[in-house]
Amino acid sequence: MSNQSNGTRRTNNQQTSRSKPVPAGNEEASSVLNLGEFQDVDTLTLSEASLVINALVNKRRIEGKDVEKNEMLTKTMDYLDNFARFQKKENVEAVERLLSAHKEFHKFERAQLGTLCCADADEAKTLIPSLTDKISDEDLTELLEEMQKFR
């Protein structure tokens, strides 16, 4: 593309789009978990996150504190209401106990299982490849069936 001004000709080599930023780390959730700085961070299922946020908002209301429901909080709560698989506190706790009993799982894997609520072992191992060598299909199927009872 060229521009002419004052009788001079110059080429305009402006970039038409932003370059993609380089990822901060080399996080990967495939057959081997590499979560970078998040490796040992506690994780929550969407159901647990919903309980935490709703409890915090309710506590602030009870204490008479102003609960500013900004757009981000409203959208987050709507998202959690739509996608949290377990609604009752007792059921969320029961699923967490089931998942926590499996010490072979990483915290991230437990949170993914509790959030995705896969239909069968094949689906779970496809969506969470790091489970492949940690649990048999039969045991995983049994776990998933137990979780389904709390939905």
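Modeller: Start with K134. In this predicted model, K134 has a relative accessible area of 32%.

Colleague: What makes K134 and E109 a salt bridge?

Modeller: The N to O distance is 2.9 Å. The cut-off is 4 Å, so the side chains of E109 and K134 qualify.

Colleague: Which parts does that pair tie together?

Modeller: E109 lies in helix α4, and K134 in the loop between α5 (121-127) and α6 (137-148). The pair therefore ties together parts that are 25 residues apart in sequence.

Colleague: Is E109 called buried or exposed, and why?

Modeller: Buried. E109 has 0% relative accessibility, and buried means under 20%.

Colleague: Why is D42 called exposed?

Modeller: D42 has a relative accessible area of 61%. Exposed means over 50%, so D42 counts as exposed.

Colleague: How do you know that E93 and K89 meet in a salt bridge?

Modeller: Their side chains are 3.9 Å apart, N to O. The limit is 4 Å, so the pair is a salt bridge. E93 and K89 both lie in helix α3, 4 residues apart, about one turn of the helix.

Colleague: Why is α1 called oblique to α3?

Modeller: Helix α1 (residues 46-62) and helix α3 (residues 89-100) pack at about 135 degrees, with their axes 10 Å apart. Roughly perpendicular ends at 115 degrees and roughly antiparallel needs over 145, so α1 is oblique to α3.

Colleague: Which residues make the contact?

Modeller: S47, E48 and L51 of α1, with K89, V92 and E96 of α3.

Definitions and conventions:
Residues are numbered from 1 along each chain as its sequence is written. This is a predicted model: local features need pLDDT of at least 70, side-chain atom pairs count only at pLDDT 80 or more; totals for chains, interfaces and linings use all residues. Side-chain values use heavy atoms; hydrogens and water are left out. Axes are lines fitted to C-alpha atoms, for helices over the stretch in contact, and angles run from 0 to 180 degrees between N-to-C directions. Helices (H or I, at least four residues) and strands (E, at least two) are DSSP runs, numbered from the N terminus. Angles under 35 degrees count as roughly parallel, over 145 as roughly antiparallel, 65 to 115 as roughly perpendicular and the rest as oblique. Contact means heavy atoms within 4.5 Å. Buried means under 20% relative accessible area, exposed over 50%, partly exposed in between (1.4 Å probe, protein chains only).
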